[in-house]
Amino acid sequence: MELGYFNKLSPYRWVLKKRETMKVDAEIFATEDILKTAIDDGSVQQVVNVASLPGIVSRSFAMPDIHYGYGFSIGGAAAFPAETGIVLPGGVGYDINCGVRLLSTTIPAGEAEKYREGIGASILRDIPTGLTNATNYKLNPKEFLRVLKKGAEEIVTNFAGNREDLAFIESSGQLEFDEPEIISARAIERGRTQVGTLGGGNHFIEIQLVDEIYDRGAADVYGLVKGNIAIMIHTGSRGFGHQVATDFIERIRKKGLDKLSKSGITDQQLIFAEIQSKEGRHYLQALNAASNFAWANRHLLMEDIIAIFEHYFKSSAKSLGIGLVYDQAHNIAKFETHVVNGKEEKLLVHRKGATRAFPPGHADVPVEYRGVGQPVLIPGSMGTATYVLKGTRKAMEISFGTSAHGAGRRLSRHKAIKFAQEINVRNRLKDRNILVFSNSKRGLKEEIPEAYKDIDDVIEVTEGSGISEKVARLVPLVVIKG
Amino acid sequence: MENYETFSTTADVGIRIRGKGYDGLFQNAVNALNLLYFDDSAEDIGTPRDAPAHRYPFEFHGDGCENVLVNFLSEIVHLLQVENKITTGIEVHEASETHINADLLTIPCDLEPGLEIKSVTYHNLEVTETNGFKCAEVIFDI
């Protein structure tokens, strides 16, 4: 693969015309440098593989945070017809409904300063992080089943939180799931002890400062005020989602290997099933259950963090102005309606390391945000900025309403550790007034900012291509790493 | 190459293994996975401890060696991450391209794993034969 194979539609849009096994063109939102890196690391070939899948609609897309994953590239998006198309677990990933949740507050950063150290330490102490099964919420089987069926609603009904928050979660924090018999005992075993846990890897909780406002109108609607603090949570469906994905890849491959081979694809990680087949329907049901788990998980974590804030400030969440801005999945497949060749079509849109970015007026955008569009949350690497953007009509036209999800890794974990060998990551960030709390020295080194692309480059492409528009920039004050 | 080693892709990690026959391949898969989890501390794994090894029977019939290897590794990941048991070795009773019957020898885990594995992937996985060795590269989602 070479840069010369691509047509440059605009400074940030590159199209590879269909060739060889490809059924459709591939489009990558990138600068020339980002595209060259993606060619070199093999992720463009992964976008080509996805373009070779049967029934793929329009184009195989990759966002500017594209990097090499397993099967599907990270930052990839692909849509298939709901009635006749396919579903592929590799187009979602193992951490089903990994996503981010942003909370706004009316707490000025100056007022939070004296509690910063204490809050960070309390979050690390009270919220299970890393490889742990020690949840604070030991659910009995009935409660756990209700989490799988009702997602975040189960938390606000029987644990903590406000029902009003549900409107500010993608899909209201609940997808339809009514076939518990398809979930394996092992998935339930892994999941029951991990509701309300952060996990490890790149998962984090951050206390952030609203540092810059680019779109005052949208920021006001989202409740983001310059100088106030915000809170971000990044995690997913934990061991439950990982096991669900593992189980269904096994079930699908029994019939799927031949079909994959006929598509000219050798990577078994792209195994697929017809959406309307028994295997396809069951996977989608299980995907919904894992998505519900993830929304419940982030909701519980949010309530735990709010309790810590209330303790330190000796004030209620309401007095502190803590409100849920939005909760967004970035590893998911969902049915959506899009316009294809001038006609509305119901599609199954896969996003792996990519976010939904729906425009003003869209029925799936919370009523309160419908005038400005859906918040699009793009965190940077540890110690760098997070951007809040808003969805656009152009994204609906050119990317199935899809945008980037983060900075995107640049260095492998081994290279990151080698790079950080002589660096005290904690002190280095402290020098920049960022407090870091983690039980894993290795994890900190793996997540060193240099391991990721420059978030500003990703945002430049995201806005420059029109798939989202900047609203605000948030910078970290406290980072809690899993 | 060594009989086992670890490596990284941009986002994930992997093991590169080889062995004489399928039983050698599976034994080195265990060693490589422990290296991935525990880095240098992996050298201590399997040394005599107070706790006697527990025999955990494992049998799997698959559609090919890749399928058997992924399920074998998934079991070891499950034992460590869910049941807190390190697999220190295996006794293979029968191993073929499509089948393994073995005892996994486990001890309680008193080390802190350096990473959490979400899953064992099939990404570009192919078990090949080179110079009389079975060889494979397995990518893990982390």
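1. In this predicted model, putting chain A and chain B together buries an area of about 3100 Å² between them, and carbon and sulfur atoms give 46% of that area. The contact involves 37 residues of chain A and 37 residues of chain B.

2. Four salt bridges are counted between chain A and chain B, and one of the salt bridges between side chains pairs Arg186(A) with Glu75(B), whose closest N and O atoms lie 3.0 Å apart. Between the two chains there are also 21 residue pairs in polar contact, with both residues at pLDDT 80 or more.

3. On the side of chain A that touches chain B, at least two residues each come from helix H7 (185-192), helix H9 (238-262) and helix H12 (413-419) of chain A. H9(A) supplies the largest share of that side, namely seven residues. Sorted by class, the side of chain A that touches chain B holds 16 polar, 13 charged and eight nonpolar residues.

4. Within chain B, strand E1 (residues 4-8) and strand E2 (residues 13-19) run antiparallel and are joined by five bridges; a hairpin of four residues leads from E1(B) to E2(B). As an example of the pairing, Thr6(B) has Ile15(B) in E2(B) as its bridge partner.

5. Glu20(A), in the loop between strand E2 (13-16) and strand E3 (25-29) of chain A, has a positive phi near 50 degrees and is exposed, with a relative accessible area of 74%. Asn124(B), in the loop between strand E6 (119-120) and strand E7 (128-130) of chain B, likewise has a positive phi near 50 degrees, but is partly exposed, at a relative accessible area of 46%.

Technical notes
Residues numbered from 1 in each chain as written. Chains lettered and ligands numbered in written order. Predicted model: local features only at pLDDT ≥ 70, side-chain atom pairs only at ≥ 80, totals over all residues. Heavy atoms only, no water. Pairing = 2+ DSSP bridges. Buried < 20%, exposed > 50% of the residue type's maximum accessible area, 1.4 Å probe, protein only. Contact = heavy atoms within 4.5 Å. Buried area = accessible area lost by both parts, 1.4 Å probe. Polar contact = N/O pair within 3.5 Å; in protein donor to acceptor, adjacent residues only side chain to side chain. Nonpolar A, V, L, I, M, F, W, Y, C, P; charged D, E, K, R; others polar.
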